[in-house]
Amino acid sequence: MTLPQTIVLGSSDDAEARRSLDEEMRVQQALAVVRVLPAMIVGNSGATLIVALNFLSAAPSQFLAGWLVTVHLLLVPLALRWWRFHGQPAPRRISTRHIRKIDAWSLAMGLVLSVGVIYLFPLNGATGEVLMYLMVVSLACGAMASIWMVPTACLVYAAPPAISLAASIVIYGGIGGAIASLSLGLCTIILLIFLRINFRGFRDGVMAIVERDNKSREIDRRRAAEERLAASLAELQKAQSQLIVQEKMASLGQLTAGIAHEIKNPLNFINNYAEVTVELLEELAETVGRIAADPDPDDKAELDDVMASISGNLTRISDHGRRADSIVRGMLLHSRGDVGERQMADVNDVVEEAINLAYHGARAQDQGFNVTIERDLDPRAGEVSMLPQEITRVLLNLLNNAFYAVRRRDASASSDYNPTVRVSTLRLPTRLRIRVRDNGTGIPADVLSRLFQPFFTTKPAGEGTGLGLSLAWDIVVHQHRGELLVDSTPDEFTEFNVLLPLDGAAAPGTGLAIR
Amino acid sequence: MIPRILVVDDEVDIPDLFRQRFRRELKAGAVELAFAANGLEAIACLQAGPPFDMILTDVNMPELDGLQLLDRVRQDWPTVPVVLVSAYSGQTNRERALSLGARDFVAKPVDFRHLKTLVSDVSNPTG
């Protein structure tokens with residue numbers, strides 16, 4: 001049990017501090033019941049024995065001593081309690097040290113009183129000396145019990161002597177009986193007063209102990225539960241990050257084919273321009289040889305032509321090399337785990353890149369896939385502060401879903417169905433809107449409400465992780481403080497609107513992703 | 001007979017690359033090249049005539065892609081061989097292209113030596 005080490009009273013928190021201290025003291029008192037129980041048993045038994053022996057010896061002085069001891073056992077605790085709680089000026093600072101100091105004084109006072117009673121009414125002979133020592137022990141135990149201010153302890157301690165006194169009335173009668181009766185009456189009155197004063201405090205104390213034990217057990221339970229929860233959370237977070245990586249890898253896998261297609265085009269030029277340049281250099285050498293031998297205006301013209309071609313080819317090789325490099329860099333950005341850097345990015349460029357990647361990715365998966373992509377890009381869209389890779393990821397997801405929807409409808413629709421995905425950008429006064437609308441299968445109302453839930457997917461097993469739209473939601477709403485809205489009518493259309501705030505400062509900085 | 005080849009691709013550098021790679025043949029008058037940026041332009045060229053001896057077409061293009069063009073050519077100009085050029089190499093794609101009636105399937109980056117062989121086969125069918 002730990003009392004508050006120092007409580008300063010007089011501040012604005014006085015009432016609260018006092019309540020806390022009172023409760024703590026009640027707890028201390030109730031706990032003392034348990035602590036002094038052995039002392040009570042020993043002391044009570046000793047006192048009972050002494051009183052019984054005094055009755056047997058029938059010596060009036062010793063009988064009086066027995067009576068005084070009994071009364072003392074009741075009076076001392078009461079007096080000490082009164083002295084401790086009412087006789088002291090209210091200290092400004094109450095500390096455990098202060099309380100212990102009072103306890104020490106109480107103990108000393110109880111012992112002095114007890115020893116004083118014994119010396120006032122000495123017992124005779126060897127038996128008397130033994131009884132004296134027993135009485136000292138019992139009184140010390142009684143004083144301890146009283147010092148802890150435990151009413152039940154005092155009650156238990158005092159009851160047997162009272163019973164002994166009652167027995168003396170039956171056995172001896174006369175003056176002894178009268179004194180004993182008086183003692184009993186006095187004891188009973190004092191006990192009643194004592195109980196009246198202490199019962200409430202004791203009950204509250206026990207309640208406080210029970211409550212605190214419950215609290216303590218509850219805290220232990222909670223702590224254990226929290227530890228389990230923390231372990232589960234760590235597991236879940238690990239699983240979540242693995243799933244997010246899987247989702248990214250899955251979308252990267254979809255993109256890889258598209259990227260491969262993209263990269264092969266510049267490679268086609270690089271390889272062929274390099275080869276044709278080698279051929280041109282061979283021709284150049286031949287022409288230079290001819291000019292050296294016999295200068296001819298036609299050769300000079302051919303020389304100029306070849307030189308111009310070589311120069312142009314090398315420029316094209318360089319351009320297409322850079323193009324391939326840019327594609328590879330883009331792919332690496334998408335495969336990276338982090339969210340990239342917030343920067344001002346041209347919205348229409350980001351949208352175009354996403355359309356290209358998504359389209360080629362879809363075509364790579366299904367060469368027969370055909371879709372009309374309509375672009376309506378607002379020339380005023382301009383630049384917006386964003387995490388471009390993340391927004392590209394969102395658009396790829398929306399476009400892939402759109403392609404999936406039109407492909408499904410195409411499989412079951414009549415021949416005049418024209419799969420169309422329309423992508424538009426629009427600069428609004430405070431926000432920028434990117435809209436992806438398809439004329440695919442649409443989304444039923446019950447699915448619509450669960451669309452952004454993690455792991456929710458309507459795609460067959462293995463085709464979707466169910467994380468795509470939930471990640472998109474996280475990117476738009478949490479990372480960009482934007483909005484992701486969906487509207488759909490089954491067998492007619494699905495429309496997603498990404499709304500990004502134009503004020504970049506309103507959005508959180510880099511690294512606030514859930515990843 | 002000078003073989004007329006229609007090259008269909010949306011890459012802007014394609015006409016220049018073809019002209020350079022076939023420069024000797026062009027200079028010698030051994031081949032004639034025409035270019036279209038997508039399937040629709042290609043059909044316009046085919047309709048405008050004179051007839052082509054071969055069509056080299058990319059697969060991924062806006063408006064009308066290579067496979068759609070192949071389908072259309074098979075219907076309206078069934079004698080004109082079509083060679084598909086695609087970055088999507090792989091046996092499945094190749095087989096699919098051939099099953100749809102393509103003369104050949106050439107993967108990017110294009111091997112022009114192989115392409116020239118195909119052109120030469122067209123101009124000398126027996127050889």
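Me: What makes two strands a pair here?
Reply: Two strands pair if DSSP finds at least two bridges between them; strands themselves are DSSP runs (E, at least two residues), helices are such runs too (H or I, at least four residues), and both are numbered from the N terminus. The model is predicted, so local features need pLDDT of at least 70, side-chain atom pairs count only at pLDDT 80 or more, and totals for chains, interfaces and linings use all residues. Residues are numbered from 1 along each chain as its sequence is written, while chains are lettered from A and ligands numbered from 1 in the order in which they are written.

Me: Why are strand E4 (residues 82-86) of chain B and E5(B) called paired?
Reply: Four bridges join them in the parallel sense, and at least two are required, so they count as a pair.

Me: What makes E2 and E5 of chain B edge strands?
Reply: The sheet order is E2-E1-E3-E4-E5, with parallel pairing. Strand E2 (32-36) and strand E5 (104-107) of chain B each have a single partner strand, so one side of each lacks a neighbour in the sheet.

Me: How do you know that E7 and E9 of chain A pair?
Reply: Eight bridges join strand E7 (residues 431-438) to strand E9 (residues 493-501) of chain A, running antiparallel; the definition asks for at least two, so the pairing holds. In E9(A), A:Pro501 is the bridge partner of A:Arg431.
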